[in-house]
Amino acid sequence: MIVVTGATGSVGRALAARLKGLDVVAAVRRPAGDLGIPYRPADFERPETIGALLSPGDRLFLNSSIWPGFADAHRAVIDLAARAGVAQIVTVSVRGAAPGGRLASGLHGIVDDHLRQSGVPWAILQPTGFMQNLPYDFAAGVMHGSYGTAPVNYIDARDVAGTAAALLTAPVGPGRDHVLTGPESLPHARIAEEIGRVLGRAYRYVDLPVPEMAARLETRGLPRLQAEELAALMADIGDGRWSSTTTTVKDLTGRPPRSLAAYLTDHLHAFSR
Ligand SMILES: NC(=O)c1ccc[n+]([C@@H]2O[C@H](COP(=O)([O-])OP(=O)(O)OC[C@H]3O[C@@H](n4cnc5c(N)ncnc54)[C@H](OP(=O)(O)O)[C@@H]3O)[C@@H](O)[C@H]2O)c1
């Protein structure tokens, strides 16, 4: 059986759709009848509820959003999966994850290291930012950031799901990190232009120095430290570290990752102001 956590999220929903009809179950914390696959109650805050769904030979998709208890909870689930005799864990991390890294990058780095040493066969997906963030980032037609002018890569979360589906349904291979990207990298000013071109109205990107961006994020409700880290992370990415592309999505799924234009065309409704 394939056990899918985070099944109601942007990656998980697309993965559930791809696994429909197979021996699969979603581990969810709320009823999820709209997923179209069987589901059972489970919560990362009580890792044993996920462990209880695991049997020898199962494949586990390990994925959730980030919260302060993320690393402890995910490590606990990995240990329970090892004890249950799970045949493979496929997890969603982030490009450049490393222990000690900023925000999600550091938490993922801790979990990734734990998984590599768990004894369970593993695959770690390391995607760039999701295109699915863009409607939120460009709410009201303007995005503020500290990325500067460097090209930045975004990937459609559906391609992360497609890659996970390929790995979860093929014979288990050697443990490997898979850096996943979309097909093109663009400066944020060009991303704004592209959104405007497809949607037929003006979109803008406004670049701010890190302290100003941090202050802006703080006024929007982020705690100060988190706001400072997020603005600094944008500037880190602005050094070009997310500008290269990989062929991993095509190599594993047989089809190229979706372009920004394709994502936009499929998600026009998400940009309604
Ligand atoms: N977003 C990006 O740009 C991006 C880029 C690279 C990597 N990533 C990584 O991708 C992963 C998924 O991100 P996402 O944006 O797809 O997340 P998402 O859409 O917010 O989905 C998160 C999923 O996790 C579930 N979840 C959260 N807390 C849970 C808990 N305590 N117990 C059970 N389920 C729980 C949510 O369930 P509910 O529906 O019940 O809330 C939801 O199904 C994260 O690890 C993130 O760091 C994201």
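Good morning. I begin with Arg-59, which lies in strand 4; strands here are DSSP runs of E of at least two residues, helices are runs of H or I of at least four, and both are numbered from the N terminus. The model is a predicted one, in which local features need pLDDT of at least 70, side-chain atom pairs count only at pLDDT 80 or more, and totals for chains, interfaces and linings use all residues. Residues are numbered from 1 along each chain as its sequence is written, and side-chain values use heavy atoms, with hydrogens and water left out.

Is Arg-59 buried or exposed? With a relative accessible area of 13%, Arg-59 is buried; buried means under 20%, exposed over 50%, and partly exposed in between, with a 1.4 Å probe and protein chains only. Leaving aside residues up to four places away in sequence, Arg-59 touches a set that includes Met-1, Ile-2, Val-3, Gln-88 and Leu-168, where contact means heavy atoms within 4.5 Å. A polar atom of the Arg-59 side chain lies 2.9 Å from the backbone oxygen of Leu-167. A polar contact is a pair of N or O atoms within 3.5 Å; within protein, one must be able to donate a hydrogen and the other to accept it, and residues adjacent in sequence count only if both atoms are side-chain atoms.

Beyond residues up to four places away in sequence, Glu-194 touches Leu-260, Ala-261 and Leu-264.

I turn to the ligand. Which of the 24 residues around the ligand come nearest? They are Thr-8, Ser-10, Arg-29, His-108 and Asn-133, a residue being near if one of its heavy atoms lies within 4 Å. A side-chain N or O atom of Arg-29 is 2.8 Å from an oxygen atom of the ligand. The protein covers 81% of the 910 Å² of accessible area that the ligand has on its own.

Helix 1 (10-19) and strand 7 (129-130) each supply at least two residues of this shell. In helix 1, Val-11, Gly-12, Ala-14, Leu-15, Ala-16 and Leu-19 are buried. These buried residues pack against several elements, among them strand 1 (2-5), strand 4 (59-62) and helix 6 (157-169). Just after helix 1, Gly-21 takes a positive phi of about 95°.

Helix 8, residues 210-219, has Met-213, Ala-214 and Leu-217 as its buried residues. Seen down the helix axis, they fall within an arc of 100°, so they line one face of helix 8; the arc is that of the directions from the axis to the C-beta atoms. An α-helix has 3.6 residues a turn, so residues three or four places apart point the same way. Strand 8 (142-145) and helix 9 (224-241) are among what covers the buried residues. The face turned away from the buried side carries the exposed Pro-211 and Thr-219. Just after helix 8, Gly-221 has a positive phi of about 110°.

Finally, two residues other than glycine. Leu-103 has a positive phi near 50° and is partly exposed, at 31% relative accessible area. Ala-140, in the loop between helix 5 (134-137) and strand 8, has a positive phi near 70° and counts as exposed, at 63%. Thank you.

Conventions:
Areas by Shrake-Rupley, 256 points an atom, 1.4 Å probe, with all protein chains shown as cover.
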